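Work through the exercises below with the sequence and the 3D view open. Try each task before reading its solution.

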Amino acid sequence: MANLVEATTNQQFEDFLAKAGKCLTVVHFQAAWAPQCGQMNEVMAVLAKEHTHTTFVKLEAEAVPEVSEKYEIASVPTFLFFKGGEKVDRLDGAHAPELTKKVERLAVAGSADAGVESGTTDLNQRLKKLINAAPCMVFIKGSSQEPRCGFSRQIVGLLKEHNIQFSTFDILSDEEVRQELKTYSNWPTYPQLYANGELVGGLDIVKELAESGELENTCPKAVTLEHRLKIIINQSPVMVFMKGNKEAAKCGFSRQTLELMNDTGVDYNTFDILQDEEVRQGLKTYSNWPTYPQLYVKGELIGGLDILKELKESGELVSVLKGES
């Protein structure tokens, strides 16, 4: 179909964006070796039939490195959404329902007053949910491990220095949140710190609170690393600590682990150690297991990939995952 295309060069990519103009363009950064990318291409084909004015572009991430590097594509599948040649949203991972939701929202955004009003309501609800995602939320450029501007680096440093437990949201990953949160909070700059769903302020306010000794009373204090690890390990009866997540593995060992887990049909959750250096280093000591992936069942360490392979070969893997042996 005419609106489902493939870009094999940077020039083709730019041409597709230019041709689409103000209409929505969805770009799927994919890899031939990743089966989840093939599944998401099928989803895109269905969406392309439903949204004929939207352009859907498939792009092999490693074949067009200049585009992947420009938009900081670290894993596949990743979807970027463009309007007027500008990135307006992003989706990491194989999340078909979320992809469908974003396409439906962005494809009609601005088409009618009613649509705009509805979209604004949905966005406000999303912003409220993000703000309340943790008792202490910071909206910054980058992450707590890799701040991408001086102000973000300073606020992260202050919170860590004062032993504050906090979560972050990378405003560079979502242009819609980046622009609309400024209006929602009536605060024109970033970083923005929220405590218990209420805006505290930006870097200057956090500095003042730190100097006055009030910061610790404004934000919840951090729990010990051991307690935090126990909480994460017990988030689900079956937990896998790996590079990447269940939608997009970021190393061969993690990919093999996902294949073994998926074959069992047993439900499980994953934790991306690349997103949290403290957990990545601390868990190796806590578990006395030096490598990743690590599999836990009901809070107890089972082992790594080699152990999973042995359990698979012996026919015990399913029963171990179910906590039966």
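Contact here means heavy atoms within 4.5 Å. The model is predicted.

**Exercise 1. Find the buried residues of helix α10 and say what they pack against.**

Step 1. Helix α10 covers residues 225-233. Its buried residues are Arg228, Leu229, Ile232 and Ile233.

Step 2. Look down the axis of α10. The buried residues fall within an arc of 130°, so they line one face of the helix.

Step 3. List the partners. The buried residues of α10 pack against strands β10 (238-242), β13 (269-272) and β14 (294-297), and also against α12 (277-287).

**Exercise 2. Work out the strand order of the open sheet that contains β10.**

Step 1. The sheet has four strands, in the order β13-β10-β14-β15, with mixed pairing.

Step 2. Look at the ends. β13 and β15 (300-303) each have a single partner strand, so one side of each has no neighbour in the sheet.

Step 3. Ignoring direction, neighbouring strands are turned by 30° against each other on average.

Step 4. Zoom in on one pair. β10 and β13 run parallel and are joined by four bridges. Phenylalanine 241 stands opposite phenylalanine 271 in β13.

**Exercise 3. Check the length of helix α2, then sort its faces.**

Step 1. α2 holds 16 residues, 35-50. At 1.5 Å a residue the helix should span 22 Å; its end C-alpha atoms are 24 Å apart, which agrees.

Step 2. Collect the buried residues of α2: Gln36, Cys37, Met40, Asn41, Val43, Met44, Leu47 and Ala48.

Step 3. Recall the helix geometry. An α-helix has 3.6 residues a turn, so residues three or four places apart point the same way.

Step 4. Turn to the other face. Pro35, Glu42 and Lys49 are exposed there, away from the buried side of α2.

**Exercise 4. Describe the hairpin made by β8 and β9.**

Step 1. β8 (residues 192-195) and β9 (residues 198-201) pair in the antiparallel sense over three bridges.

Step 2. Leucine 193 stands opposite glycine 201 in β9.

Step 3. Two residues lie between the strands. Asparagine 196, in the turn, has a positive phi of about 55°.

**Exercise 5. Is valine 103 buried or exposed, and what does it touch?**

Step 1. Valine 103 lies in helix α4 (residues 96-108).

Step 2. The cut-off for buried is under 20% relative accessible area. Valine 103 has 0% relative accessibility, so it counts as buried.

Step 3. Leave aside neighbours within four places in sequence. Valine 103 is then in contact with Leu24, Val26, Leu47, His51, Phe56 and Phe81.

Terms used
Residues numbered from 1 in each chain as written. Predicted model: local features only at pLDDT ≥ 70, side-chain atom pairs only at ≥ 80, totals over all residues. Heavy atoms only, no water. Pairing = 2+ DSSP bridges. Expected span 1.5 Å × (residues − 1). Buried < 20%, exposed > 50% of the residue type's maximum accessible area, 1.4 Å probe, protein only. Arc of directions from axis to C-beta. Axes fitted to C-alpha atoms, helices over the stretch in contact; angles between N-to-C directions.
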